[in-house]
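Student: I have a protein model open and would like to learn how to read it. Could you take me through some of its features?

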Amino acid sequence: MITAWLRKTFRGVLEAVARFFNRLGVTPNQLTLIGLVLQSIVAVVIATGHLRLAGILLVFFSIFDAFDGTLARMTGQSSRFGAFFDATIDRYAESIVLFGLLVYYTGQPDSSTQTLLIYAAIVGSLLVSYTRAKAESLNIPCKDGILTRAERVVLLVIGLLLGPWQPIAALPDALTIVLWLLAILSNVTAIQRVLVVRKTAREQDAAEGQPG
């Protein structure tokens with residue numbers, strides 16, 4: 001996954017910044033909340049129609065999202081509540097950014113398709129998170145899928161940077177194409193996880209002599 005590659009590649013940078021926050025006395029949960037505020041700023045920028053600026057900000061603010069976990073691990077402040085809190089705020093942050101897009105499109109003509117796609121993308125992203133959380137509550141690891149949060153962020157950044165650019169006249173603009181991809185692939189990812197969990201659960205039940 002992109003997330004694992006980024007954390008491994010930029011581990012030194014993440015740890016250096018995390019040490020800086022630690023010297024300031026900032027806690028991991030405080031960083032998580034700051035990240036939510038930053039994502040809310042992106043949503044406002046999108047809603048006001050500054051799509052390319054929002055795309056640039058989303059790159060940097062999404063990187064910021066990695067600092068809370070790094071700080072928690074480095075300082076021994078990792079906790080079950082911290083992991084729960086971080087995952088919960090991440091869902092709010094992603095939904096808020098997509099809500100900014102929804103507000104933007106309410107001011108655009110003929111935007112009913114984009115509105116429906118944003119709704120489907122929000123549902124898909126929440127289900128991707130929920131399926132993993134529910135699976136792990138059953139002691140079933142579940143990180144499978146083609147579109148985890150990092151990939152969704154990358155797609156959205158591309159869409160915001162390209163904005164209304166239309167590469168082929170017969171196709172929608174670039175941002176709408178990205179919304180189609182987010183709407184479809186996030187829900188495909190959720191379905192992938194359902195299938196993986198079903199297979200693993202049946203194997204575990206069979207091993208324990210329980211009916212599948």
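This is a predicted model: local features need pLDDT of at least 70, side-chain atom pairs count only at pLDDT 80 or more; totals for chains, interfaces and linings use all residues.

Student: Let's start with salt bridges. How many does the structure hold?

Tutor: The general idea is that side chains of opposite charge can pair when their charged atoms come close. The term salt bridge is used for a side-chain nitrogen of Lys or Arg within 4 Å of a carboxyl oxygen of Asp or Glu. The structure holds five of them. In one, arginine 152 meets glutamate 94, with 2.6 Å from N to O.

Student: Are arginine 152 and glutamate 94 buried or exposed?

Tutor: Buried means under 20% relative accessible area, exposed means over 50%, and partly exposed is in between (1.4 Å probe, protein chains only). Arginine 152 counts as buried because its relative accessibility is 5%. Glutamate 94, with a relative accessible area of 11%, is buried too.

Student: Which residue does lysine 199 meet in a salt bridge?

Tutor: Lysine 199 meets glutamate 203, at 2.7 Å from N to O. Both sit in helix α9 (residues 174-207), four residues apart, which is about one turn of the helix. Lysine 199 counts as exposed at 53% relative accessibility, whereas glutamate 203, at 45%, counts as partly exposed. Elsewhere, salt bridges link Asp65, Asp90 and Arg149 in a network.

Student: Now the helices. How do I describe helix α3 and helix α4?

Tutor: Two packed helices are described by the angle between their axes and the distance between the axes. Axes are lines fitted to C-alpha atoms, for helices over the stretch in contact, with angles from 0 to 180 degrees between N-to-C directions. For helix α3 (residues 28-47) and helix α4 (residues 51-64), the axes come within 9 Å and cross at roughly 170 degrees. So α3 is roughly antiparallel to α4, a label for angles over 145 degrees.

Student: What kinds of residues make up the contact of α3 with α4?

Tutor: They divide into 14 nonpolar, three polar and no charged. Ala, Val, Leu, Ile, Met, Phe, Trp, Tyr, Cys and Pro count as nonpolar, Asp, Glu, Lys and Arg as charged, and the others, Gly among them, as polar.

Student: And aromatic rings: how many pairs are found?

Tutor: A pair of aromatic rings is described by the distance of the centres and the angle of the planes. Rings of Phe, Tyr and Trp (its six-membered ring) pair if their centres lie within 6.5 Å; planes under 30 degrees apart are stacked, over 60 edge-to-face, and the rest tilted. The whole structure has seven aromatic pairs. Phenylalanine 64 and phenylalanine 67 form an edge-to-face pair, 5.6 Å centre to centre with 85 degrees between the planes, and both are buried. Phenylalanine 81 and phenylalanine 84 form a tilted pair, at 6.2 Å and 40 degrees.

Notes:
Residues are numbered from 1 along each chain as its sequence is written. Side-chain values use heavy atoms; hydrogens and water are left out. Helices (H or I, at least four residues) and strands (E, at least two) are DSSP runs, numbered from the N terminus. Angles under 35 degrees count as roughly parallel, over 145 as roughly antiparallel, 65 to 115 as roughly perpendicular and the rest as oblique.
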